[in-house]
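Please find below a short note for a reader new to this structure. The points are numbered and may be read alongside the model.

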Amino acid sequence: LSDRDGNQLTAFYPGSSNPAASARRPHRDAGELGLAVGARLGLIAPDVAANMIRHAELLAARGIPFVAGPGQVLPDFDAGSAQALIARSRSLILNAQEWQVLLRLLGTDEAALRRHLDWIVVTLGGEGCRVLAGDGEYRLPAVAPTATVDHTGCGDALRGGLLYGLARGARLEDALRIGTLTATYNLEARGCQRHGFTVQGFVDRYEASWQRAWPLPRD
């Protein structure tokens, strides 16, 4: 749920995902599932902290890289569980408020996390995103929407476009451009993930928005 200023109000009920229920009916092994489908990249999305850490362990054990995106469930983590997730991760994506929550949880600063992770993406809403990679930092602007209809789900849309680009072999910066444009399409539609586009329309808008060639094969 988002208010008129775009502030998202969430409540998360774990249901059958809570640890007690998971013990009775365990999740499928994320690592084995990844190998079975030939996964090149995973995303650890918001869930009960214990489940997120378990999925991270299973993917890491089978050498499947993943992006950690704890999102709106970060307030349910404690310092130990947050450290356990980050310790198994090589990359991280979260919004500016979540980034501050994580730093407070870990009792650390940006420099320490940057030494451990290959890259960190901090989304900034209408101001685009901030990218921390190695010793460098850069920003990508947002793509101007034709209309601002509904903020709900923009972060998920960005992650989807980002992972699509990375899985297809795009550089991080180009994959983020794909994700940023995907988020803009979502912003222009009512409801979470109700947006749509054609492949050619997306490619054309990408090239017009960023003034650069589409970075992936056009198959």
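1. Arg130 is buried, its relative accessible area being 14% (buried means under 20%, with a 1.4 Å probe and protein chains only). The residue belongs to strand E5, residues 129–133 (strands are DSSP runs of at least two residues, helices, H or I, of at least four, numbered from the N terminus). This is a predicted model, in which local features need pLDDT of at least 70 and side-chain atom pairs pLDDT 80 or more, while totals for chains, interfaces and linings use all residues. Residues are numbered from 1 along each chain, and side-chain values use heavy atoms, without hydrogens and water.

2. The side chain of Arg130 makes a polar contact of 2.7 Å with that of Glu110 (a pair of N or O atoms within 3.5 Å, one able to donate a hydrogen and the other to accept it; for residues adjacent in sequence, both must be side-chain atoms). Beyond four places in sequence, Arg130 also touches other residues, including Trp99, Ile120 and Tyr138 (contact means heavy atoms within 4.5 Å).

3. Trp99 lies in helix H5 (residues 96–106), where Glu98, Val101, Leu102, Leu103 and Leu106 are buried as well. The buried residues of H5 pack against several elements, among them E5 and H7. At the start of H5, a side-chain oxygen of Asn95 comes within 3.1 Å of the backbone nitrogen of Gln97. After H5 comes Gly107, with a positive phi near 60 degrees.

4. Which residues of H7 meet H8? Among them are Cys154, Ala157 and Leu158 in H7, which meets residues of H8 including Leu172 and Ala175.

Notes: Buried < 20%, exposed > 50% of the residue type's maximum accessible area, 1.4 Å probe, protein only.
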